[in-house]
Amino acid sequence: MMLLEHHAKQLLHGAGVPVPDGFIVTAGFGPLPGDVAVPCMVKAQVPVGGRGKAGGIVKVASVAELPPTVDRLLELSIRNHPVRACRIEAMIDAISEAYLSLAIDADSGAVVVLAAAAGGVDIESPEMRRQLLRATAEPDPQSVLEAVQTIVSALPDTLRPAIGDVAARLTKLFFEREALLIEINPLFTTRDGGWIAGDAKILIDDNALPRQPMLRDLIETNPDLYPEAALKLAQGFDFVRLDPDGDIGLVTTGAGLSMQLVDEIVGRGHRPFNFCDIRTGGFRGDPSRLVQVFKWVASGPRVRSVLMNFFAGNTNLAELAPLILAALEQVPELRQPITLRMIGNGLDQAHAIIAASGNPIFIETDLERALDRALAASRENSHTRVAANA
Amino acid sequence: MHKPPPLHGPLIAADTPILVQGATGRSGRAQTAGMIAYGTKIVAGVSPRDDEASAIPLFRSCADAVAATGARASVCFVPPLGVLEAVYDAIAGGIELIVTVAEGMPVHDALKAKAATRAAGVRWIGPSTPGMAIPGKLKMGFLPNVSLAPGSLGVMSKSGTLSYEVCYRLVKAGFGQTLWVGVGGDSVKGTRFADLVPIFAADPATEGIVVIGEIGGREEEELAEALIATGCDKPVFALLAGRSALEGVTMGHAGALIQSNVGTIDTKTAALRRAGAQVFPRIHDLVEAVAATLGANALGRAHPRPAAEPIGIVKWEQP
């Protein structure tokens, strides 16, 4: 997962890489500190690039302009990510910008060091790509430091101290925190001969969180800023809100199949409210995970139909069916029609258990027909509401 | 850093003796029973614990198990943070092919495992995979029986569940598999799509290749390059999941993370189409295309493997 810029800069600061002074504000913020130096930058904190072009980075000239600017940015959604926080940051008087990154190359299993004597937002342009210096190393600190030295020696004299120092610190941070990517773009150099990270992008490894207490803490203390990762840490499954106006709620298992279902629904002209990989293998006879997901799906203001999908390759549907019924009993607010697609072990028994309950869940074994049914239910449900309002 | 040459010939022979690492854990014990019931030649288990009820002889290390039973391949059920040590143990014991199923192996561990298996010439499949199977003969991992049938399709997949669904529907339509390899949903892994191309290209029983890919990384793009480089002229049917995924957020699979212009559906679709593959957004359309291309009821004329099939595992050879 990608850290927000503010937290990435905190990690850099901790590693001895200079970053501009700054602090984070979230929705419902109180009075701002009185001593904020202006002009300053207000930067929307979202885990995607292209913030500047999307209007998510604003220069503010006076303290009075700060609160309304922050409020305005907190209303934004940038590439489908609601802005949940802003970083207010000191301006840097830069004389030049450079680029530096360390990344894992998944194909070769190497660490790739990239640097350029120019940086900025256009690093991905073909022109900039040609200017990039590149070295690859075995995935250990010593080899990466050697790769860094190769690159530093090819840089202009003026940049060698900055890139050399920062790259050595990033190498240490990269291995200590088990990063997948650390990128500084731009790395500013200043009039006094110093350097400072203008922006920072760090991808951390979700799989390493169990042995990275500092990163785990960061996510656990900021569940509002990292809702998906915090949920995964706390409860061991995935739930991503995709579209606040979505009409289809999904209660599904399996990452790939759930992603595919989202695609199939969008391809048929509907809008999934969420992505979900509930991991039935982790239920162990307890319906609480289902209760949680039913509640979230029911909270979607425009959700008109719910599709559940369970391909029981290794689990048993006969054990799942009573859990579904028990969970639904605990979430009476879920009134949308439910289409339950089940296939695999224990199907007949599961079918009988649900039929005997009298619950009006519609059961289907074929996925195409289940999709048709769930989407039709959404359209019918919508007509019903319109008629009721008329 | 060099890349080993791709494998040639079959990945593993159906009668290869196999051991199970993590054989006494909850999952390991259950899946061992499932693999044995499927007909897989499971000869030993490795575990730090004893288990009176174990159906197979247990050993403390792969070296001991290999010495006593002649096991040549391993399927590993140890938890994610223990996988790297298990891989080292397998290498030290002389195992030639290891499948690690655990989801959640740290990427920096995967880097070390990748370097170590490569240096030792050991084939690694995983992490985060339901495993692999030669339908009707052998299963390493837990691909569901309902989706497995002998047939003429070579299958490579990142996602477990999506591949279960696709193969289930293909089997219902009459199309089974020669070999199905789940490469796993993580970004750093032992065997990538492209590594499997020479195997499927050279296998006379494989009439078509089904690719179940998804957003993130460059694996589908590399696959396209390998198809062109190999001159593989078998029909390739690809399903790519995640076109509606949210950039910057992990969609269940650690590897399914889009960043800037890399790993999008568009780059993957374009690359695969340039290599002559058919790419589908819908499962239904893929199944129809397989049926239209390979003809009705290919299951009925599934190729039995020739008796002269090479026995044993083809090793990675160092250049």
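**View 1. Helix 5 and helix 9 of chain B make a right-handed crossing.** A crossing counts as right-handed if the near helix is turned clockwise from the far one by less than a right angle, and as left-handed if anticlockwise. Helices (H or I, at least four residues) and strands (E, at least two) are DSSP runs, numbered from the N terminus. This is a predicted model: local features need pLDDT of at least 70, side-chain atom pairs count only at pLDDT 80 or more, and totals for chains, interfaces and linings use all residues. Residues are numbered from 1 along each chain as its sequence is written, while chains are lettered from A and ligands numbered from 1 in the order in which they are written.

The axes of helix 5 (residues 160-172) and helix 9 (residues 283-294) of chain B come within 10 Å and cross at roughly 40°. Axes are lines fitted to C-alpha atoms, for helices over the stretch in contact, and angles run from 0 to 180 degrees between N-to-C directions. Helix 5 of chain B is therefore oblique to helix 9 of chain B. (Under 35 degrees is roughly parallel, over 145 roughly antiparallel, 65 to 115 roughly perpendicular, and the rest oblique.)

**View 2. Strand 1 of chain B has buried residues pointing both ways.** Ile18(B) and Val20(B) point one way from strand 1 (residues 18-21), and Leu19(B) and Gln21(B) the other way. Buried means 20 or more other C-beta atoms within 10 Å of the residue's own, exposed 12 or fewer, and partly exposed in between, with C-beta atoms placed from the backbone. Strand 1 runs parallel to strand 4 (residues 73-76) of chain B, joined by four bridges. Leu19(B) has Ser74(B) as its bridge partner there. Four bridges also join strand 1 to strand 2 (residues 42-46) of chain B, again in parallel. Here Leu19(B) stands opposite Ala44(B). Strands pair if DSSP finds at least two bridges between them.

**View 3. Seven strands of chain B form an open sheet with mixed pairing.** Their order is 8-7-10-9-11-12-13. Strand 8 (138-141) and strand 13 (278-280) of chain B stand at the edges with a single partner strand each, so one side of each has no neighbour in the sheet. Strand 9 (residues 150-157) and strand 10 (residues 177-182) of chain B pair in the parallel sense over six bridges. One bridge partner pair is Met156(B) and Val181(B).

**View 4. Chain A meets chain B.** In this view, 51 residues of chain A are in contact with 52 residues of chain B. Contact means C-beta atoms, placed from the backbone, within 7 Å. Helix 8 of chain A gives the most to its side, with eleven residues.

Methods. Contact = placed C-beta atoms within 7 Å.
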